[in-house]
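This report describes a strand arrangement and a helix pair in one protein model. The sequence and structure come first.

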Amino acid sequence: MTYDKVTVPDDGEPVEVVNEEEDEFVVPDKPIIPILHGDGIGTDVGPAAQKVLGAAAEATGRDIAWMRVYAGESARERYGENLPDDTVNAIREFRIAIKGPLTTPVGAGFRSLNVALRKKLDTYANVRPTYHLDGVPSPVSNPEQMDMVTFRENTEDVYAGIEWEEGTDEVEQVKEFVENEMGFDSTIHDGPVGIGVKPITEFGTKRLVRQAIDYALEHDRDSVTLVHKGNIMKFTEGQFRDWGYEVAEEEYGDEVITEDTLWEERDGEQPDDAVVVNDRIADNMLQQILTRTDNYDVIATMNLNGDYLSDACGAQIGGLGIAPGANFGNSLCLAEPVHGSAPKYAGQDKVNPTALILSGVLMFEYMGWDDAATLVRDAVEKTISTKQVTYDLHRQIEGGEKLATSEYADAIVENIESLA
Ligand code: NAP
């Protein structure tokens, strides 16, 4: 692969893919990892995370050859476009990458760079773990009960971008088709209308649910919950539920049982070695994460539900400054925090880089660098529990020491060195 305006580090090696479909690859001791700092506060949290993750790699006898790539504002300056081929090609070639947030200006003529990137890379599962770190303030009484991982389908649903603006010929054509050809006469109110389409496919659903079940099995989790509004949207969200159960029943044998089987055949008693697949309606689920937090483990859901649900879970464990995430495709990982570019804090060396750092933990786990992942998580926890925190946590912790983004990263690096 040749690149126009970025340089491939000559002191690192690429990740070698052995079987793309089966997620089999070999990570060298000094992999080339593309890193995109991102817009807004990306310029603060990007370098902080790079420093911490690099320190953890070194402390565990490895190294990282970082390859800076660009999107959003930094790409417009260099390339005159938002999402250059260099960036997409680098992530595709080197397979494992990390990014900060990208701004999506409202009404700027493009949908979302994040959505575009996920579609181009076909990273179809957005994975958001929510677990509580000791010392992090929370609005709930028992935040330690939250230990969930949300698998959010990343390429379909109302986020697929199939929609028509009010006042256009296209929207009128679609309205006429829906009313006259499809028999939904008098269903859409008269007057200006915007219309969107919600595709949920068997292919998209099953590959997402497989990833969630595989994760649950590999990480010794008890359950996978399919979250949907299938009672209302029967042929999209209801079908997601049905295809989800089909995967569980047809592809996993005794390793997975459904909740119905659990009650019908076992009187509710879960076998030690099987994952239970159940389903919950989305609105119920949003209250269950507060009232029965520790009943839930791994969640598999569609794009919009997943977006809402994972933010709500994130709030319970300390908010956006903490919540990590990653997008996964076949033998491809693009780690990114849940939060956005928070433009009002950009360049102030103020915000919390923990979310991006913990996204790096997910990336390390995917690479098989579990020792480095644990080291980072422990060092972050140690830093926060000694009340060395950024502004967002400082305002909630009595007697804490308020650190700048870069100072906080240095404190974590010191703890990495002392824990290693
Ligand atoms: P946001 O950037 O996530 O910021 C919302 C608020 O969350 C901030 O004002 C701040 O709250 C808190 N926050 C976010 N990140 C934080 C951090 N690292 N440390 C401490 N506090 C943090 O959401 P937004 O303002 O709605 O979106 C801004 C832009 O980001 C938009 O263009 C949006 O499209 C984009 N976005 C991008 C992504 C992505 O790249 N994946 C994701 C979401 C949004 P306080 O002011 O209360 O302290």
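An open sheet of mixed pairing is formed by 11 strands, in the order β4-β3-β5-β15-β14-β6-β7-β13-β10-β12-β11. Strands here are DSSP E runs of at least two residues, helices are H or I runs of at least four, and both are numbered from the N terminus. Two strands pair if DSSP finds at least two bridges between them. At the edges stand β4 (65-68) and β11 (256-258), each with a single partner strand, so one side of each has no neighbour in the sheet. From one strand to the next the twist averages 25°.

The model is predicted: local features need pLDDT of at least 70 and side-chain atom pairs count only at pLDDT 80 or more, while totals for chains, interfaces and linings use all residues. Residues are numbered from 1 along each chain as its sequence is written, and side-chain values use heavy atoms, with hydrogens and water left out.

| Strand paired with β5 | Residues | Bridges |
|---|---|---|
| β3 | 32-36 | 2 bridges |
| β15 | 332-335 | 3 bridges |

Helices α12 (residues 370-385) and α14 (residues 405-419) pack at about 120°, their axes 8 Å apart. That makes α12 oblique to α14, a class left over once angles under 35 degrees (roughly parallel), over 145 (roughly antiparallel) and 65 to 115 (roughly perpendicular) are taken out. Axes are lines fitted to C-alpha atoms, for helices over the stretch in contact, and angles run from 0 to 180 degrees between N-to-C directions.

Leu419 is found in α14 and is partly exposed, with a relative accessible area of 38%. Beyond its neighbours within four places in sequence, Leu419 is in contact (heavy atoms within 4.5 Å) with Leu375, Asp378, Ala379 and Lys382.

Notes:
Buried means under 20% relative accessible area, exposed over 50%, partly exposed in between (1.4 Å probe, protein chains only).
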